[in-house]
Amino acid sequence: MFHLAFLEDGKIVNAENIISHRFTDRLQLRKALHLADSIHQDGNKYLALLGDTVIKLVLVKEGLCRHATRGQISNIISEKLSNTYLAQRGFSTGLAECVYKNRYQGNTIYPGPTASTVEAIIGAVFIDSGEKVTAAEGVMEALGISWPE
């Protein structure tokens, strides 16, 4: 069992402020912020897989509402789900500073793990909200991962 202070540390609180979502179960957010290491073998990889899928769902749904072509939807998905774009969103919003790094990384936060962390956070929000797509959409909007105007 985790001590309450463990789930209310500065990284957790800062991440919640950045994404404009308060977790019912902060352990989900903590899992999303953990990179793989010898203790957390898979780290946030499963949550990132879920988050990737949720982002695709939201973008396809929005594209259909906008009567976009399949090609347009595909292009937006490719752009918004690229590791480069997701890492940029993680760095520019400050989420990268909330990551629990593993000892092999030292103080460096690399783009690939940052992109995965952004996806993992979306996955964690989806779980925490009882699988509400609207909660994930709100966080995506806060992070700038939404359909372009």
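What share of the 149 residues of the protein chain counts as buried? The figure is 46%, with buried meaning under 20% relative accessible area, exposed over 50%, and partly exposed in between (1.4 Å probe, protein chains only).

Some ground rules. This is a predicted model: local features need pLDDT of at least 70, side-chain atom pairs count only at pLDDT 80 or more, and totals for chains, interfaces and linings use all residues. Residues are numbered from 1 along each chain as its sequence is written, and side-chain values use heavy atoms, with hydrogens and water left out.

Now the overall fold. The protein chain has seven helices and zero strands. Along the sequence the pattern reads α-α-α-α-α-α-α. Helices here are DSSP runs of H or I with at least four residues, strands are runs of E with at least two, and numbering starts from the N terminus. The accessible surface comes to about 8,000 Å², by the Shrake-Rupley method with a 1.4 Å probe; for residues, only the protein chains shown count as cover. Carbon and sulfur atoms hold 55% of that surface.

On to contacts, meaning heavy atoms within 4.5 Å. Take those in the protein chain between residues at least 6 apart in sequence: 66% join residues at least 24 apart.

Next, helix α3, residues 45–65. It has 21 residues and reaches 30 Å from its first C-alpha to its last. That is close to the 30 Å expected at 1.5 Å a residue; the expected span is 1.5 Å times one less than the number of residues. Which residues of α3 are buried? They are L47, A48, G51, D52, V54, I55, V58, L59 and G63. An α-helix has 3.6 residues a turn, so residues three or four places apart point the same way. The cover over the buried residues of α3 includes α2 (26–32), α4 (70–80), α6 (111–128) and α7 (133–143). Just after α3, H67 takes a positive phi of about 60°.

S20 is not a glycine, yet its phi is about 55°. S20 sits in the loop between α1 (10–19) and α2. S20 is exposed, at 60% relative accessible area. E131 is not a glycine either, and its phi is positive at about 65°. E131 is in the loop between α6 and α7. Its relative accessibility is 56%, so E131 counts as exposed.

That loop between α6 and α7 also holds S129. Is S129 buried or exposed? S129 is buried, with a relative accessible area of 13%. A polar atom of the S129 side chain lies 3.0 Å from the backbone nitrogen of K132. For reference, a polar contact is a pair of N or O atoms within 3.5 Å; within protein, one must be able to donate a hydrogen and the other to accept it, and residues adjacent in sequence count only if both atoms are side-chain atoms.

Now L86, in helix α5, residues 83–93. L86 is buried, at 0% relative accessible area. What does L86 touch, leaving out residues up to four places away in sequence? The partners are K80, L81, A115, V118, E119 and I145. L86 and L143 are 57 residues apart along the chain, and their C-alpha atoms are separated by 9.1 Å.

Last, a ring. R30 lies over the face of Y100, at 4.1 Å from the ring centre. The test is NZ of Lys or CZ of Arg within 6 Å of the ring centre and within 35 degrees of the ring normal.
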